[in-house]
Amino acid sequence: MESFNSKDMAMKAQKKIHGHVASKSMVQMFMDDTSSEILDEFYRVSKEHSGNRTEAQKVVKDLVKVVVKVGILFRFSKEELSLAQDFKKKLHQGVMTAISFQEVEFTFDKAVMTELLTDCRDILLKLVEKHLTPKSLRRIRHVFNHYSDPDLLTNLYTPSGHLWPNLTRICRGLNKLVEEGKL
């Protein structure tokens with residue numbers, strides 16, 4: 001299996017963001033082992049679905065950069081804090097729905113999952129539009145548009161499909177993050 005290390009990618013993203021060497025403990029703030037394993041699975045899913053290693057690396061790199069940048073934005077106004085809460089609730093709903101669709105066979109509804117991901121994207125964009133560059137906003141769109149692709153979601157949620165083991169590992173990791181109160 002091809003080597004892909006999301007922690008190394010997070011470290012590189014953080015170095016670029018801060019313009020200096022970031023400590024491992026700073027990366028740990030944003031990326032624990034479970035999160036790293038989930039990102040690795042997202043990479044494998046993207047690579048398998050697109051058949052394009054470069055695109056898979058780019059979308060996961062964009063995802064890491066978005067997570068790191070949003071994670072370091074601390075100066076939200078009261079209105080933005082409300083929007084941040086809306087995003088957190090919608091993301092949690094999306095995670096719980098993704099897990100439920102994986103755990104209960106034949107419940108997957110691509111329209112529901114696509115809508116949840118699109119709603120998350122739109123709320124996040126509204127939240128960070130005043131704080132991030134147009135390039136960062138494009139990264140957010142790239143990540144959410146990639147993973148909300150109906151064909152990708154259908155392939156991912158097909159129980160006998162080749163991406164099902166990846167989805168199982170992703171959902172196991174997401175479940176762990178929810179149980180630990182990190183998501």
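Modeller: A residue counts as buried when its relative accessible area is under 20% and as exposed when that area is over 50%, with partly exposed in between. Please keep in mind as we go that this is a predicted model.

Biologist: With that cut-off in hand, is Glu41 buried or exposed?

Modeller: Glu41 has a relative accessibility of 6% and is therefore buried, because the cut-off is 20%. Its salt-bridge partner is Arg44, and the closest N and O atoms of the two are 2.8 Å apart. Arg44, with a relative accessible area of 22%, is partly exposed.

Biologist: Which other salt bridge does Asp62 let us look at, and how far apart are its closest N and O atoms?

Modeller: Asp62 pairs with Lys58, and there the closest N and O atoms are 3.7 Å apart. The two residues are four apart in helix 4, which puts about one helical turn between them. Asp62 is buried, at a relative accessible area of 5%, whereas Lys58 is partly exposed, at 44%. Salt bridges can also share partners, and in that way Glu41, Arg44 and Arg169 are joined into one network. In total, the model has seven salt bridges; one of them links Glu180 to Lys182 with the closest N and O atoms 3.3 Å apart, and Glu180 is partly exposed at 40% relative accessibility.

Biologist: Which residues does Arg139 touch?

Modeller: Leaving aside residues up to four places away in sequence, Arg139 touches Asp62, Lys65, Val66 and Lys69. Arg139 is part of helix 7, and its relative accessibility of 10% makes it buried.

Biologist: Which residues of helix 7 are buried, and what covers them?

Modeller: The buried set consists of Ser136, Leu137, Arg139, Ile140, Val143, Phe144, His146 and Tyr147. Their cover includes helix 3, helix 4, helix 6 and helix 8. As a check on its length, the 14 residues of helix 7 should span 20 Å at 1.5 Å a residue, and this agrees with the 20 Å between its end C-alpha atoms.

Biologist: How many residues does helix 6 have, and what span does it reach?

Modeller: Helix 6 (residues 110-128) has 19 residues, and from its first C-alpha to its last it reaches 27 Å, close to the 27 Å expected. Its buried residues include Met113, Leu117, Cys120, Arg121 and Leu124, and helix 4, helix 5, helix 7 and helix 8 are among the elements that cover the buried residues. At the start of helix 6, a side-chain oxygen of Asp109 comes to within 3.0 Å of the backbone nitrogen of Ala111.

Biologist: How many aromatic pairs are there, and how should I read one of them?

Modeller: There are four aromatic pairs in the model. Take Phe101 and Phe108, whose ring centres are 5.7 Å apart and whose planes stand at 90°, so the pair is edge-to-face. Phe101 is buried at 11% relative accessibility, while Phe108 is partly exposed at 23%.

Biologist: Which residues form the aromatic cluster that contains Phe101?

Modeller: Phe101, Phe108 and Tyr157 make up one aromatic cluster.

Key
Residues are numbered from 1 along each chain as its sequence is written. This is a predicted model: local features need pLDDT of at least 70, side-chain atom pairs count only at pLDDT 80 or more; totals for chains, interfaces and linings use all residues. Side-chain values use heavy atoms; hydrogens and water are left out. The expected span of a helix is 1.5 Å times one less than its number of residues. Buried means under 20% relative accessible area, exposed over 50%, partly exposed in between (1.4 Å probe, protein chains only). Contact means heavy atoms within 4.5 Å. A polar contact is a pair of N or O atoms within 3.5 Å; within protein, one must be able to donate a hydrogen and the other to accept it, and residues adjacent in sequence count only if both atoms are side-chain atoms. A salt bridge is a side-chain nitrogen of Lys or Arg within 4 Å of a carboxyl oxygen of Asp or Glu. Rings of Phe, Tyr and Trp (its six-membered ring) pair if their centres lie within 6.5 Å; planes under 30 degrees apart count as stacked, over 60 as edge-to-face and the rest as tilted.
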